[in-house]
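The entries below follow the order in which I checked things.

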Amino acid sequence: MFYLPILITNKLTVVYFPSIVSITATQSSRRKFVDSYAIPGSAKLKIQVSDNVILRPKNNGDLLLIVKIDGIHGTQQMKNVKIRARWYYWPEDTSQGRRFFRGLRELFLSDHSEDHYVECIDGKCKVRTFNEYQELNLVMDDDFFWRFQYLHTERKLTPESVEVFCICKTPLNPDLRMILCDGCQDWFHLYCINVSLEESTRISHYYGAC
Ligand SMILES: [Zn+2]
Ligand SMILES: [Zn+2]
């Protein structure tokens with residue numbers, strides 16, 4: 001039941017409009033979903049479902065707010081347009097914190113979604129797979145990567161284990177220099193085997209203590 005007070009001939013009268021109320025409620029909940037949308041007035045930024053974008057405010061401390069667009073929706077006239085945004089978590093945002101085998105540009109694709117107005121979008125970025133990221137010759141400011149997903153209610157990363165390398169038995173960090181042992185074919189961090197970057201350029205074949 002919904003009562004709308006209206007003023008008729010200086011007397012406050014309560015009038016009941018059941019049909020109007022139900023139509024309004026249905027219209028406001030029926031959102032139109034689209035695959036792409038050109039944001040008006042934002043330097044011709046056109047977004048698509050599955051794009052990765054940076055939100056305003058641009059950072060939380062030093063960390064950019066990066067989300068994946070899982071949906072774009074607005075009213076039937078495409079007003080109040082929002083994105084269904086799936087958060088990328090930084091290692092710092094998780095209970096594990098940042099550990100040394102995490103890349104500087106490593107994100108975790110989470111299962112945490114929120115709706116945000118398209119006006120909050122600051123620009124696009126690229127969140128690549130681990131293999132794509134490793135193949136880059138040049139890493140640009142808008143390049144990031146992910147290899148783990150983060151289940152935010154369980155505070156758990158998946159997969160729980162990946163291949164490990166070196167005497168420190170840790171996953172690859174694409175930002176740390178490694179050298180291949182010709183004996184065991186394992187990769188070793190330069191700092192774990194006490195080899196400087198300069199020395200490593202002179203080593204053509206490395207044999208560890210294997
Ligand atoms: Zn190591
Ligand atoms: Zn070896």
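**Entry 1: terms and conventions.** I count two residues as in contact if their C-beta atoms, placed from the backbone, lie within 7 Å. Residues are numbered from 1 along each chain as its sequence is written, with chains lettered from A and ligands numbered from 1 in the order in which they are written.

Entry 2: I listed the contacts of Val 127, leaving aside neighbours within four places in sequence, and found Asn 52, Ile 66, Tyr 88, Leu 107, Phe 144, Phe 145 and Trp 146. I then looked up the nonpolar core, meaning a set of buried Ala, Val, Leu, Ile, Met, Phe, Trp, Tyr and Cys residues joined through C-beta atoms within 7 Å. For burial I used the count of other C-beta atoms within 10 Å of a residue's own, placed from the backbone: 20 or more is buried, 12 or fewer is exposed, and in between is partly exposed. The largest such core has 25 residues, and Tyr 88, Leu 107 and Val 127 have the most contacts inside it. At least two residues of this core come from each of strand E6 (52-60), strand E7 (63-74), strand E8 (82-89), E9, E10 and E11. Strands (E, at least two residues) and helices (H or I, at least four) are DSSP runs, numbered from the N terminus.

**Entry 3: overall counts.** I noted 3 helices and 14 strands in the protein. Of its 210 residues, 18% count as buried. Among contacts with a separation of 6 or more, 48% join residues 24 or more positions apart.

**Entry 4: what pairs with E11?** I asked which strands pair with E11 (residues 143-151), taking two strands as paired if DSSP finds at least two bridges between them. Strand E9 (residues 106-117) pairs with E11 in the parallel sense over 5 bridges, and Glu 106 has Phe 145 as its bridge partner there. Strand E10 (residues 121-129) also runs parallel to E11, joined by 4 bridges, and Lys 126 stands opposite Asp 143. Strand E12 (residues 156-158) is antiparallel to E11, with 3 bridges, and I found Leu 151 opposite Lys 156. E11 and E12 form a hairpin with 4 residues between them, and Arg 155 in the turn has a positive phi of about 55 degrees.

Entry 5: Phe 130 lies in helix H2 (residues 130-134). Phe 130 counts as partly exposed because it has 17 C-beta neighbours inside 10 Å. Not counting residues up to four places away in sequence, Phe 130 touches Phe 145 and Arg 147. With residues up to four places away in sequence left out, His 112 touches Arg 86, Trp 87 and His 152. Its C-alpha atom and that of Tyr 150, 38 residues apart along the chain, are separated by 8.6 Å.

Entry 6: Which peptide bonds are cis? I found one from Arg 56 to Pro 57, with omega near -5 degrees; Pro 57 lies in strand E6. Another cis peptide bond joins Thr 158 and Pro 159, with omega about 0 degrees. I placed Pro 159 in the loop between E12 and strand E13 (178-180). Cys 166 is found in the loop between E12 and E13, and its phi is near 70 degrees, a positive value in a residue other than glycine. Is Cys 166 buried or exposed? Cys 166 has 22 other C-beta atoms within 10 Å, so I list it as buried. Met 78, in the loop between E7 and E8, also has a positive phi, near 55 degrees. Met 78 has 14 other C-beta atoms within 10 Å and is therefore partly exposed.

**Entry 7: confidence.** I checked pLDDT last; it is the predictor's confidence in each residue, from 0 to 100. The mean over the protein is 86, and 85% of its residues reach 70 or more. Confidence is lowest in strand E1 (residues 3-8), at a mean of 37, and highest in E8, at 98. Over residues 1-26 the pLDDT is below 50, and this stretch has 11 contacts in the model beyond near neighbours in sequence. Where pLDDT is low, predicted coordinates should not be read in detail.

Conventions. This is a predicted model: local features need pLDDT of at least 70, side-chain atom pairs count only at pLDDT 80 or more; totals for chains, interfaces and linings use all residues.
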